[in-house]
Each structure stands twice: as structure tokens, then as C-alpha cells.
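Student: I would like to learn how to read a helix against its surroundings. Can we work through one model?

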Amino acid sequence: MHEREPLQDPTTRYPAPASQEQPAIAHPGLTSEMVTKPDHGENDYRGSGRLEGRRALVTGGDSGIGRAVAVAFAREGADVAVSYLAEEESDAQETVRLIEAAGRRALPLPGDIRAEDHCRALVDTTVQEFGGLDILVNNAAYQMARPGGIAEITTEQFDRVMKTNLYALFWLCKFAVEVMPPGSTIVNTSSIQGRNPSPSLMDYATTKAGIVDFTKALADDVADRGIRVNAVAPGPIWTPLIPATMPPEQYREFGKDVPLGRPGQPAELAPAYVFFASRESSYVTGEVLGVTGGTPFT
């Protein structure tokens with residue numbers, strides 16, 4: 001007889017991070033600079049072969065949600081290519097170590113996805129090294145909170161947000177569907193900001209709303225090819241991006257206003273990506289799953 005796993009209260013499953021003690025850090029932020037390290041499922045995620053033999057490309061896979069997804073995919077049996085900025089090399093190497101510790105192949109791919117040629121190279125190199133591409137996770141994003149709203153958002157920042165969050169997603173999806181076989185999946189990362197935008201993040205929120213419509217349209221476009229496209233919409237998740245892009249008075253209250261009363265951990269996002277990438281969601285496409293701590297994604 002199997003021992004029953006004890007129930008866990010979701011409000012206290014993960015303790016609130018020591019955000020009051022967290023100093024601001026320079027963008028893009030590293031996990032080593034976090035007072036309370038995010039939980040990526042390193043110690044708890046147990047795979048069951050749901051992605052055995054699959055070949056995945058995860059952008060922003062060095063830390064945060066991307067690392068949690070990469071770890072979960074590897075433990076489910078997938079080889080994982082990890083896209084990241086060169087400045088995030090130390091975090092990326094830890095992700096590579098975790099993938100390889102799960103017995104799968106890791107492919108580190110540094111570079112800036114704002115360049116179309118680099119996005120093409122990400123897909124081509126993954127196919128060359130792994131023999132194909134079955135899963136694309138568009139997770140990388142840029143944000144920079146501006147408490148003064150639109151008056152403080154420069155054209156340079158707006159352009160960077162659009163290029164990172166929307167142009168790169170468009171390019172990567174375009175190149176990926178050229179080579180993906182039937183049964184492949186694309187999982188995009190939207191945000192609660194796509195439905196409940198904050199004035200200080202209006203440029204970021206605009207892209208995250210756009211990702212929802214892009215996901216739905218692309219899902220319809222490629223359904224006859226046997227490719228499914230879905231999105232995950234995280235709420236407030238504790239990652240290096242938070243103290244690297246928000247003023248202290250904002251991130252010290254981060255996540256306290258959701259019904260569950262705390263920010264989420266990257267490990268709590270990974271199962272949603274595994275679900276969308278696996279055969280268990282074979283009749284699901286064009287959907288958005290909110291993982292928001294109880295804030296409605298409407």
C-alpha cells in the first residue's frame with residue numbers, strides 16, 4: 001500500500017522570500033545575487049517519462065521560470081537547448097548542469113534574441129545538434145518598471161521590450177514551424193499583466209496581451225500541420241528579474257496582494273509547461289493557462 005503524500009496548504013507551501021532584505025541588482029540579474037534563492041524544482045520535481053526522447057528549445061532558460069521548465073523537461077526525458085544572454089553565463093551553466101544531471105543532453109546557446117539572425121540560428125543549431133525540434137518554449141522577456149508611467153518610458157526601452165517579447169517570439173515561431181513534425185508543441189509565456197496591466201509596466205503588459213492573441217491565431221494557423229500552440233500566464237513569480245527591474249518599494253511588496261498572499265516560485269510554473277508539451281494535452285490548443293496565485297486571468 002502506497003503511503004499517502006500529505007496535503008500542503010498553498011498559502012504556506014513556499015515561505016515568502018526575504019524581499020525586505022533583497023538589495024536592488026543590475027539587469028539582467030543573477031540567481032547568485034538573490035537573498036532568497038528561487039526554487040526551480042531542483043530538489044522536488046520528479047519526472048515520469050512524459051517527454052521521453054523529445055527535443056526542446058527554451059528561451060530565457062538560464063534562471064527563473066526558464067530554468068524550472070528546463071529542469072522539468074529534462075527529468076521528463078527531453079534534451080534541452082537553453083537560450084540566454086551572454087551576461088547570464090553563470091546561471092546558464094547551472095541550468096546545463098541540472099539538465100545533464102538528469103541524464104539528458106544540454107545545449108547552451110548564448111546571444112540576443114532581438115536579432116532575427118540569432119533566432120534563426122537558435123532553431124537551426126538545435127535541429128543540427130539534436131536531430132530535430134519538437135518543443136519550443138518562448139519564455140525570454142524584457143521589462144523595466146517605470147513608476148512615472150508613460151512619461152518615463154523612452155523609445156529605446158519601448159523598442160527593446162517589443163523586440164525581445166514580440167519580434168523574437170514571432171521569428172522563433174516562424175522558423176520553428178518550418179521544421180517541426182506533427183505532434184510538436186509551442187508554449188509561449190504571457191503574464192497576468194496581459195489582462196491586469198500596471199501603469200509602471202505598460203509597455204511590457206502590452207506585449208503580454210499581444211502574446212495571447214498571437215498564440216490563439218498561430219494555434220489556428222498551424223493546427224492542420226499537427227502542431228499545438230498554447231500559453232502560460234504567470235502571476236507574480238520570484239526570480240532575479242524582479243529586483244533587477246523594479247524599485248525596492250515595489251518588489252518588497254511583490255506578490256502580497258494575490259489571494260494566496262505570496263509570490264509564486266518558478267517550480268510552481270513548470271508543471272503547466274510540461275502539460276502543454278506532453279501528449280496529455282493532445283486536444284488542447286490556443287489556450288492560456290493562468291498560474292497567478294488566484295488573481296483571475298480574465
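Student: Which residues in α8 are buried?

Tutor: First, the ground rules. This is a predicted model, where local features need pLDDT of at least 70, side-chain atom pairs count only at pLDDT 80 or more, and totals for chains, interfaces and linings use all residues. Residues are numbered from 1 along each chain as its sequence is written, and side-chain values use heavy atoms, with hydrogens and water left out. Buried means under 20% relative accessible area (1.4 Å probe, protein chains only). Helices are DSSP runs (H or I, at least four residues) and strands likewise (E, at least two), numbered from the N terminus. In α8 the buried ones are Ala270, Ala272, Tyr273, Val274, Phe276 and Ala277. That is six of the eight residues in 270–277.

Student: What covers the buried residues of α8?

Tutor: Look for contact, meaning heavy atoms within 4.5 Å. The cover includes α1 (64–75), β4, β5, β6 and β7.

Student: At what angle do α1 and α8 pack?

Tutor: Axes are lines fitted to C-alpha atoms, for helices over the stretch in contact; angles run from 0 to 180 degrees between N-to-C directions. Here the angle is about 55 degrees, and the axes lie 9 Å apart. So α1 is oblique to α8: under 35 degrees is roughly parallel, over 145 roughly antiparallel, 65 to 115 roughly perpendicular, the rest oblique.

Student: Which residues make that contact?

Tutor: α1 supplies Ile65, Ala68, Val69, Ala72 and Phe73; α8 supplies Ala270, Tyr273, Val274 and Ala277. An α-helix has 3.6 residues a turn, so residues three or four places apart point the same way.

How values were computed. Buried means under 20% relative accessible area, exposed over 50%, partly exposed in between (1.4 Å probe, protein chains only).
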